[in-house]
Amino acid sequence: MPLYYLSCGLGLGVSGLLICRRRVEGAWIYLLAFLLITVGAWWQVGSNGWAFTLRLAVPAAILILVLAIAPKLKEYRHDFEAPATISAGLLLLVGVALIMVGPSSTAPATSQQTPPSATRIDDPPIWNDIHLPA
């Protein structure tokens with residue numbers, strides 16, 4: 001999971017910086033970071049709806065705000081736009097792939113049975129000591 005947090009943190013940081021500079025690329029990067037957050041939340045909690053909702057509430061609220069200001073942001077065209085877009089897409093693809101096939105946190109199942117030496121068969125049952133009045 002540290003790679004997941006690193007990639008989300010970098011995406012959100014770059015997105016915030018670009019939005020502060022009034023560049024529309026920041027909105028696109030936030031959208032990609034939100035998708036990464038969604039995949040990571042699903043990977044962490046699965047189909048537990050309440051936990052999934054809690055992990056996405058704040059990022060979804062920020063996404064609504066980012067989408068609201070997106071029409072006011074300016075596009076900046078530069079010579080390395082295509083390579084930068086391709087690199088960002090590949091980086092996102094690698095991040096999602098690492099999240100999906102990365103190490104899982106499930107521990108191997110171990111038996112919690114009492115070992116045979118801990119119970120003695122020759123002990124009489126407890127109900128043999130109970131004397132009922134006649």
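The model is a prediction, so to speak of local features a pLDDT of at least 70 is needed, side-chain atom pairs count only at pLDDT 80 or more, and totals for chains, interfaces and linings use all residues. Residues are numbered from 1 along each chain as its sequence is written, and side-chain values use heavy atoms, with hydrogens and water left out.

To start with confidence, the chain has a mean pLDDT of 78 (pLDDT is the predictor's confidence in each residue, from 0 to 100). A value of 70 or more is reached by 70% of the residues. Helix H3, residues 49-69, comes out highest with a mean of 91, while helix H4, residues 81-101, is where confidence is lowest, at 76.

As for the fold, the chain holds four helices and zero strands, which gives the pattern α-α-α-α when read along the sequence. Helices here are DSSP runs of H or I with at least four residues, strands are runs of E with at least two, and both are numbered from the N terminus. Of the 134 residues in the chain, 20% are buried. Buried stands for under 20% relative accessible area, exposed for over 50%, and partly exposed for anything in between, with a 1.4 Å probe and protein chains only. Taking contacts (heavy atoms within 4.5 Å) between residues at least 6 apart in sequence, 66% join residues at least 24 apart.

Next comes the pairing of H2 and H3. Their axes sit 9 Å apart and the helices pack at an angle of about 175°, which means that H2 is roughly antiparallel to H3. Axes are lines fitted to C-alpha atoms, for helices over the stretch in contact, and angles between N-to-C directions run from 0 to 180 degrees. Angles under 35 degrees count as roughly parallel, over 145 as roughly antiparallel, 65 to 115 as roughly perpendicular, and the rest as oblique. On the H2 side the contact includes Tyr 30, Phe 34, Ile 37 and Trp 42, and on the H3 side it includes Phe 52, Arg 55, Leu 56 and Leu 63. By class, this contact has 16 nonpolar, two polar and one charged residues. Nonpolar covers Ala, Val, Leu, Ile, Met, Phe, Trp, Tyr, Cys and Pro, charged covers Asp, Glu, Lys and Arg, and the others, Gly among them, are polar.

Some single residues round out the picture. Cys 8, in helix H1, is buried at a relative accessible area of 7%. Leaving aside residues up to four places away in sequence, Cys 8 touches Leu 36 and Ile 37. Leu 91 belongs to helix H4 and counts as exposed, at 65% relative accessibility. Thr 53, in helix H3, is partly exposed at 43%.

Arg 22 falls between helix H1 (2-20) and helix H2 (25-45) and is exposed, at 56% relative accessibility. Arg 22 has a positive phi of about 60° although it is not a glycine. Most residues other than glycine have a negative phi.
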